[in-house]
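Hi,

Here is the model I said I would pass on. Have a look at it before you read my notes below.

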Amino acid sequence: MEYFYSIQGEGMHTGKAAFFIRLAGCDVGCHWCDVKESWDETKHPAKDVQHLVRLAKESGAPMVIITGGEPTMYPLQKLTHALKKEKFAVHLETSGAYIIDGAFDWVCVSPKKRKPPLQESLEIADELKVVIYNKDDFNWAEKNALSVNKKCKLFLQPEWSKADTVMPWITEYIKNNTNWRVSLQTHKYLNVP
């Protein structure tokens with residue numbers, strides 16, 4: 001759908017420079033999604049892998065983040081291997097609803113209730129990032145946290161439009177459940193893509 005050089009705004013790698021490759025196509029369909037234009041892959045022409053790798057190199061970014069839509073709807077081996085060949089750190093942002101196919105240095109699974117993550121996706125996650133929209137989302141977070149590996153970092157992130165309401169809940173929750181951390185969408189505060 002698009003590609004751009006920016007700053008990672010969420011999760012463990014917040015604040016780091018990154019080249020983003022956003023793949024079109026998503027059947028998860030979160031009502032609060034901030035990139036709904038990515039859902040229909042037919043509205044976005046295909047791009048050549050080598051073209052994307054060249055643009056990533058020209059950006060000067062040390063890492064590439066593959067995101068969506070839902071990027072794991074597609075086989076990612078060819079793209080990730082081409083990026084790794086050029087010495088990029090390759091990160092993935094996924095709901096975990098599909099098999100994760102590709103060579104990644106970091107996998108962030110952000111599970112969604114409408115299409116739950118696969119057990120296999122949770123087991124390989126380096127980061128579990130749960131968006132908090134209502135109080136039941138804390139239960140959803142804990143349910144998914146039971147399936148991740150011991151090294152996985154746990155994050156709770158307020159849904160942007162409800163941040164004023166849910167941030168006090170998240171703050172109290174983390175004070176009482178210290179294995180979790182806060183993730184904020186800092187790119188929105190910085191006004192960058």
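**Pockets**

I'll start with the second largest pocket: its lining divides into 13 nonpolar residues, one polar and five charged (nonpolar is Ala, Val, Leu, Ile, Met, Phe, Trp, Tyr, Cys and Pro; charged is Asp, Glu, Lys and Arg; the others, Gly among them, are polar). Bear in mind that this is a predicted model, where local features need pLDDT of at least 70 and side-chain atom pairs pLDDT 80 or more, while totals for chains, interfaces and linings use all residues. Residues are numbered from 1 along each chain as its sequence is written, and side-chain values use heavy atoms, leaving out hydrogens and water.

The largest pocket has a volume of about 800 Å³ (grid points are joined across faces, edges and corners, and the volume is the space filled by probe spheres set on them). Of its 38 lining residues, Glu10, Arg22, Asp34, Thr67 and Gly68 are the closest to the centre. Two or more residues each come from strands E1 (2-7), E2 (17-22), E4 (89-94), E6 (127-132) and E7 (153-158), as well as from helix H6 (186-190). E1 gives the most to this lining, with three residues. By class, the lining of the largest pocket holds 15 nonpolar, 13 polar and ten charged residues.

E2 and E3 pair in parallel over four bridges (pairing needs at least two DSSP bridges between two strands). Arg22 has Thr67 in E3 as its bridge partner; both turn up among the residues closest to the centre of the largest pocket. From E2 the chain crosses through H1 to E3, and this β-α-β crossover is right-handed (with the strands pointing away from the viewer, the path from the first strand over the helix to the second runs clockwise).

Why is E3 largely enclosed by the rest of the structure? Because five of its five residues are buried (under 20% relative accessible area with a 1.4 Å probe, protein chains only; over 50% is exposed, and in between is partly exposed). Met63, Ile65 and Thr67 point one way from E3, whereas Val64 and Ile66 point the other way, and all are buried.

On to E4: five of its six residues are buried. Strand E3 (residues 63-67) runs parallel to E4, and four bridges join the two. In this pair, Ile65 stands opposite His91 of E4. The chain gets from E3 to E4 through H2, in another β-α-β crossover that is right-handed. E4 is also joined by four bridges to E5 (residues 106-109), again running parallel, and Thr94 has Val109 in E5 as its bridge partner.

**Two loop spots**

The peptide bond between Gly68 and Gly69 is cis, with omega about 25°. Gly69 sits in the loop between E3 and H2.

Lys87 belongs to the loop between H2 and E4. Its phi is near 70°, a positive value in a residue other than glycine. Is Lys87 buried or exposed? Lys87 has a relative accessible area of 72%, so it counts as exposed.

**Ala141**

Ala141 lies in helix H4 (residues 136-145). Its relative accessibility is 0%, so Ala141 is buried. Setting aside neighbours within four places in sequence, Ala141 is in contact (heavy atoms within 4.5 Å) with Leu128, Val130, Leu156 and Trp180. The C-alpha atoms of Ala141 and Asp126, 15 residues apart along the chain, are separated by 15 Å.

Cheers

Conventions:
On a 1 Å grid over the protein atoms alone, a cavity is a set of points where a 1.4 Å probe fits but cannot get out, and a pocket is an open set with protein on both sides within 12 Å along at least five of seven lines; lining residues have an atom within 4 Å of a point.
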